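Hi,

Here is the structure I promised to pass on. Have a look at it first, and then read my notes below.

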Amino acid sequence: MEKVLVTGCAGYIGSVLMRLLLNKGYKVKGIDNLQFGGESLLGIYNNPNFEFLYGDIRDNQILDKVLKNVDHVVHLAAIVGDPACATEPDKAREVNWKASNNLFKMAKESDVDRFVFASTCSNYGKMDAGENNFVSEESPLRPVSLYAELKVKFEKYILASEKSDDLTPVSLRFATVYGLSSRPRFDLTVNDFTRQLQSGRELVIYGEQFWRPYCHVFDISRAILMTLQADKKIVAHQVFGVGSTAENYQKKMIVDELLEYFPAAKIKYVKKEEDPRDYRVDFSHIKNELGFKVTHTVPDGIREVKEVLDQGLISEPFSKKYRNV
Ligand SMILES: NC(=O)c1ccc[n+]([C@@H]2O[C@H](COP(=O)([O-])OP(=O)(O)OC[C@H]3O[C@@H](n4cnc5c(N)ncnc54)[C@H](O)[C@@H]3O)[C@@H](O)[C@H]2O)c1
C-alpha cells in the first residue's frame, strides 16, 4: 500500500483529498498547523490508514519526522490567496518559499517518489489581448501579487531540479476552486456569491466582464490522484492546469447562473476597468495527457452550497473561520 504525505491536510482541498486517497486504498499521513482548526479531520481520525501530525512545515525537525516512510508528497500547505499573503508577507515568504524549498530538498534526500505541488492559475496574471484570449501552460507568467510571485518562484525551482529517477516533481495550476469541503471556504467567488444571495444580501459585483476558470474541490482532488497514478514519464517535471476549458466564466455569467436559483436576487454592478486577474485558460494538456475531465460544473457548486445553507448544515456561514484573512 503506497503512503502519501499531504501537507495542509486539514484545509479546504486537503480535507477532501484525504478522504479520496483513503477511499482509493492509500495510506495517508497529514501534517497541518491547524490555522483554521482541525474539525475537518475528525471524520477520518480513527481510520487505521490515516496518521496525523500537528506541526508547522517551517520546522525542519517536523519535516524530517513526517517524511519517513513516505512514497509521495502532495504539498498543499501555504498562506493561501492574495489578501492573506499581502497581510502577512514575511510569513508568506517563510511558508510558501523557504519552508516549501526545505521540504522539497528533504524529500529529495528521502525515498520520496513524486512531489505534487499545488500551484495556481493566478500565475498568469492579466492575459494579453494578443494571446487569442486563452492562456495555457506555455503562456508567459505575469504574477501580480506576492501570493502568485511565490507560487511561480517555487514552481520554477522544482521544475528546474535535476532530472533523475529519484524524486519526480509535478506542478498543478489549479483554477479557482468552489464547492463543499469539511473545511468550508466562503472567500472563494462561487461559494461567496451563493452565500450572499442565500442570506438575502445584495450582491455587489466589481468588474462583471473579467474572466476566470473555476473547478470543483472534488475534481481538484481527482486531478491530484490522477497525477499520483499516471505513468511517471508523462508527469515528470510537467506543469498541468487543472480545470476545464468549458468552465471559464465572466463574473456576469456566474451571476446569470445564480439568478436561476435566486430569481429575486439584488445585484449591483460596480464598473471596474482593470483587474490584474483576468484570464481564460485552455486546459487541453491535462485532458490529453491524463484523460482528466471534470465531473462538476459551477451550477452544480451553486446548487450544493445553496442546499447545505438552506438546510442549516452550516450555522454561521459568515463566521471569520471560513475566510483565509
Ligand atoms: N482554493 C483555491 O481556489 C486554490 C486555487 C489555486 C491553488 N490553491 C492552492 O491549494 C493549496 C490548498 O489551498 P486551500 O484552498 O485548501 O487552502 P486552506 O487555507 O484551506 O488550506 C491550507 C492548509 O495549510 C495549513 N498550513 C498553512 N501554513 C502551514 C504551515 N506553516 N505548516 C503546516 N500547515 C500549514 C493551514 O492550516 C490549512 O489547513 C494551497 O497551496 C493553495 O495555494 C488553492
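Into which domains is the protein chain divided? There is domain 1 (3-177 + 216-242) and domain 2 (179-213 + 246-282 + 291-322), with bounds that come from an automatic or database domain assignment.

Two things to know before you go on. This is a predicted model, where local features need pLDDT of at least 70 and side-chain atom pairs count only at pLDDT 80 or more, while totals for chains, interfaces and linings use all residues. Residues are numbered from 1 along each chain as its sequence is written.

Back to the domains. Taken over C-alpha atoms, their centres are separated by 24 Å. Domain 1 puts 30 residues into the contact and domain 2 puts in 24 residues; two residues are in contact if their C-beta atoms, placed from the backbone, lie within 7 Å. On the domain 1 side, α1 (14-23), β7 and α7 each supply at least two residues. (Helices, H or I, at least four residues, and strands, E, at least two, are DSSP runs numbered from the N terminus.) The most comes from α7, with 5 residues. By type, that side of domain 1 divides into 16 nonpolar, 12 polar and 2 charged. Here Ala, Val, Leu, Ile, Met, Phe, Trp, Tyr, Cys and Pro count as nonpolar, Asp, Glu, Lys and Arg as charged, and the others, Gly among them, as polar.

β7 turns up again in a sheet. Which order do its strands have? The sheet is open, with 3 strands in the order β7-β9-β11 and mixed pairing; two strands pair if DSSP finds at least two bridges between them. β7 and β11 (248-250) are the edge strands, each pairing on one side only. From one strand to the next, the twist averages 45°. β7 and β9 (residues 211-216) run parallel and are joined by 3 bridges, and Tyr178 stands opposite His216 in β9. Helix α7 (residues 217-229) packs on this sheet, touching β7 and β9, and its direction makes about 75° with that of β9. Those angles run from 0 to 180 degrees between N-to-C directions, with axes fitted to C-alpha atoms, for helices over the stretch in contact.

Last, the ligand. Of the 29 residues around the ligand, Gly8, Gly11, Tyr12, Gln35 and Val177 come nearest (near means a C-beta atom, placed from the backbone, within 6 Å). β2 (27-32), β5 (114-120) and β7 (176-178) are the elements that give two or more residues to this shell. The shell's residues are 16 nonpolar, 8 polar and 5 charged.

Cheers
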